[in-house]
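Please look over the sequence and the model shown here before reading on. The briefing is arranged by topic.

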Amino acid sequence: MNWHFENDRPIYVQLVETLKLFIVTKKFKPGQRLLSVRDLAFEAKVNPNTMQRALAELESMGLIYTERTNGKFVTKDTKLLNHYKKEMALEKVNTYFTAMGKLGFTKTEALKYLKGDEK
Amino acid sequence: MLVECKNVNKNYGKVKALKNINLEIPEGKIIGLLGPNGSGKTTLIKLINGLLTGEGEIFIKGKSVGPESKKIVAYLPERTYLDMNMTVNEVINYFQDFYDNFDANEAYKLLEKLGINTKDKLTTMSKGTKEKVQLILVMSRKADLYILDEPIGGVDPATRDYILETILTNFQVGASIIISTHLISDVEKILDEIIFIKNGEIYLTGSADELRREKGKSIDEIFREEFKC
């Protein structure tokens, strides 16, 4: 697992992003039981309180669920997984067009670059 | 509340080391006590540990500082108080005699993981290894509050990582850890809350993540700006 955090943004926000990525790319498989908060925190080398907060957020997004005595599990809802994956992909696309815009390219020009037929 | 400081003042002669400190430290948090050299960090820590007396009141789990509070506070001082001619085994026995809540098995387990020979005298060890041994001793106490004064000062980055990992893995549910340091970028990832102290006064307190969000900067950057020389 690849955990990496920048110090200039809230750690819990970055944890949510990382865990979301693990879930939609099925590094954490649908229906898989998650490690305990403590073990996950240790793996990510973050404070267990921060991990707890990130997991609560993922739970409110529906990406994980708690089974009372069993722990936390990754959702099996494929539709939801695809929804978040699409959302994340669109964010990346936006980032690309924004960056190209800063370089002075229109959307059409940026698209040409993407296809590799820029002149 | 785990720790409450009410109107705490401390003077060294005419020098005001702490000015009217009011502070509450909750349970279950890792708190960074951050401030430049000479800002009053160690003085505050020593008051909480009962190694100094000042004006005002300090309560730990509702009790005044004294023998009862010392039982539930594990303290790693900035400078060692151990006899360097002792072997690790001797120090462990010493800790066992001193503290009811010291878990010798835990200490041996952590020392073994590091490949430290417990028959070795402290004096034969490198600075980094000594720091690790002392941290292990402190973290092997089942305390309610751990106070670590500059635990990562003067050690190499790999040792720093080890120290931070040891702090995290031994962070018990319900206990709190106060880490005093001026090496902020190394520790800020694991902090819940921060206390900035400047010229003996509380300058800023808050949640580390909230401060990052508010200012769009790391705690280290915020610190550097606030304390620009």
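The notes below go through each chain in turn and then take up a sheet and some individual residues.

This is a predicted model, in which local features need pLDDT of at least 70 and side-chain atom pairs count only at pLDDT 80 or more, while totals for chains, interfaces and linings use all residues. Residues are numbered from 1 along each chain as its sequence is written, chains are lettered from A and ligands numbered from 1 in the order in which they are written, and side-chain values use heavy atoms, with hydrogens and water left out.

**Chain A**

- Chain A holds 5 helices and 2 strands, arranged along the sequence as α-α-α-β-β-α-α, where helices (H or I, at least four residues) and strands (E, at least two) are DSSP runs numbered from the N terminus.
- Along its principal axes, the C-alpha trace of chain A spans about 60 × 35 × 20 Å.
- Of the 119 residues in chain A, 35% are buried, a class that means under 20% relative accessible area, with exposed set at over 50% and partly exposed in between (1.4 Å probe, protein chains only).
- Contacts (heavy atoms within 4.5 Å) between residues of chain A at least 6 apart in sequence join residues at least 24 apart in 49% of cases.
- Chain A carries 21 positive and 14 negative side chains, and the centres of the two sets lie 4 Å apart; Lys and Arg count as positive and Asp and Glu as negative, without His and the chain ends, and each charge is placed at NZ of Lys, CZ of Arg, CG of Asp or CD of Glu.

**Chain B as a whole**

- Chain B contains 9 helices and 10 strands, and its C-alpha atoms fill a box of roughly 45 × 40 × 35 Å along the principal axes.
- Buried residues account for 51% of the 229 residues of chain B, and among its contacts with a separation of 6 or more, 67% are between residues 24 or more positions apart.
- Chain B has 31 positive and 34 negative side chains, with the centres of the two sets 4 Å apart.

**A sheet in chain B**

- In chain B, 4 strands form an open antiparallel sheet in the order β2-β1-β4-β5, two strands being paired if DSSP finds at least two bridges between them.
- Because β2 (15–25) and β5 (63–64) of chain B stand at the edges with a single partner strand each, one side of each is left without a neighbour in the sheet.
- Strand β1 (residues 3–12) of chain B pairs with β2(B) over 7 bridges in the antiparallel sense, and B:Tyr12 has B:Val15 in β2(B) as its bridge partner.

**Individual residues in chain B**

- B:Leu44 lies in helix α1 (residues 41–48) of chain B and counts as buried at 2% relative accessibility.
- Beyond its neighbours within four places in sequence, B:Leu44 is in contact with B:Cys5, B:Leu18, B:Ile21, B:Leu23 and B:Leu33.
- Most residues other than glycine have a negative phi.
- B:Asn7, in strand β1 of chain B, has a positive phi of about 45° and is partly exposed, with a relative accessible area of 42%.
- B:Lys61, in the loop between β4 (55–60) and β5 of chain B, has a positive phi near 50° and is partly exposed at 41%.
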